[in-house]
Amino acid sequence: MKNPSWLDIAFNERGVKSFPAGTSNPRIEEYHRSISNCKWSDKIPWCSSFLHWSMSEAGLDGTGSALARSWLYWGGPIDQPRHGCVVVLWREQPDSPKGHVGLFLEQDSKHVHLWGGNQLDEVREHFYPNNMVLGYRWPTDCHLP
């Protein structure tokens, strides 16, 4: 199966990570600039900025927001996850405004595996409990595989 273009772009950023305190990774600052002209450092949560940058590089519009939960209103909802779809998760509490966002890789009985930015402070694969998933989204301009 061929990867969606935005997933291949995101894969190519493997290993980009936050710098130690007192410094900031210019690449992550570039992800933030895809959303805002503010001079945000890599200490500002950047999962949404990374996803926005990846979509933009693939020629797609993102949400224009650094908030992970903004992706719940992007594209169209899908009932079942597809390889490379956007997955929105809650963080801290299900009704909290905080969240996390990444790209779907696989799912097992307990976890959803995502590719994304700011996962343990870097671009990488990481897994999250299935019950944290708020929704799956697919670009409205792209056909489902």
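Lys17 counts as partly exposed because its relative accessibility is 41%, where partly exposed lies between buried (under 20% relative accessible area) and exposed (over 50%), with a 1.4 Å probe and protein chains only. The structure is a predicted model, in which local features need pLDDT of at least 70 and side-chain atom pairs count only at pLDDT 80 or more, while totals for chains, interfaces and linings use all residues. Residues are numbered from 1 along each chain as its sequence is written, and side-chain values use heavy atoms, with hydrogens and water left out.

Lys17 takes part in a salt bridge with Glu122, in which the closest N and O atoms are 4.0 Å apart. This pair links distant parts of the chain, since Glu122 is in strand E5 and Lys17 is in the loop between H1 and H2, 105 residues apart. Helices (H or I, at least four residues) and strands (E, at least two) are DSSP runs, numbered from the N terminus. A salt bridge is a side-chain nitrogen of Lys or Arg within 4 Å of a carboxyl oxygen of Asp or Glu, and the structure holds five salt bridges.

Another of these contacts is the salt bridge between the side chains of Arg27 and Glu13, at 2.8 Å from N to O. Arg27 lies in helix H2 (residues 26-33) and Glu13 in the loop between helix H1 (5-11) and H2, so the pair ties together parts that are 14 residues apart in sequence. Arg27 is partly exposed, at 29% relative accessibility, whereas Glu13 is buried, at 8%. A salt bridge also forms between Glu92 and Lys98, whose closest N and O atoms are 3.1 Å apart. Glu92 is exposed at 53% relative accessibility, and Lys98 is partly exposed at 36%. Salt bridges that share partners join Glu13, Arg27 and Glu30 into one network.

The cysteines were examined next. A disulfide is a pair of cysteine sulfur atoms within 2.5 Å, and by this rule the count comes to zero. For Cys38, the closest cysteine sulfur is that of Cys47, and the distance of 17 Å is too far for a bond. Cys47 is in no disulfide either, as the nearest cysteine sulfur, in Cys85, is 15 Å away. Cys38 is partly exposed, with 39% relative accessibility, while Cys47 is buried, with 7%.

Rolling a probe the size of a water molecule over the atoms shows where empty space is left. On a 1 Å grid over the protein atoms alone, a pocket is an open set of points where a 1.4 Å probe fits, with protein on both sides within 12 Å along at least five of seven lines, and lining residues have an atom within 4 Å of a point. The largest pocket has a volume of about 320 Å³. Its lining consists of 19 residues, of which Pro45, Cys47, Ala68, Arg91 and Gly99 lie nearest the centre. Strand E2 (86-90) and strand E3 (99-107) are the elements that give two or more residues to this lining. The lining residues divide into 13 nonpolar, three polar and three charged.

Asn131 is placed in the loop between strand E5 (122-129) and strand E6 (133-138). This residue is exposed, at 59% relative accessibility. Asn131 and Val112 are 19 residues apart in sequence, and their C-alpha atoms are 9.1 Å apart in space.

Key: Points joined across faces, edges and corners; volume = space filled by probe spheres on them. Nonpolar A, V, L, I, M, F, W, Y, C, P; charged D, E, K, R; others polar.
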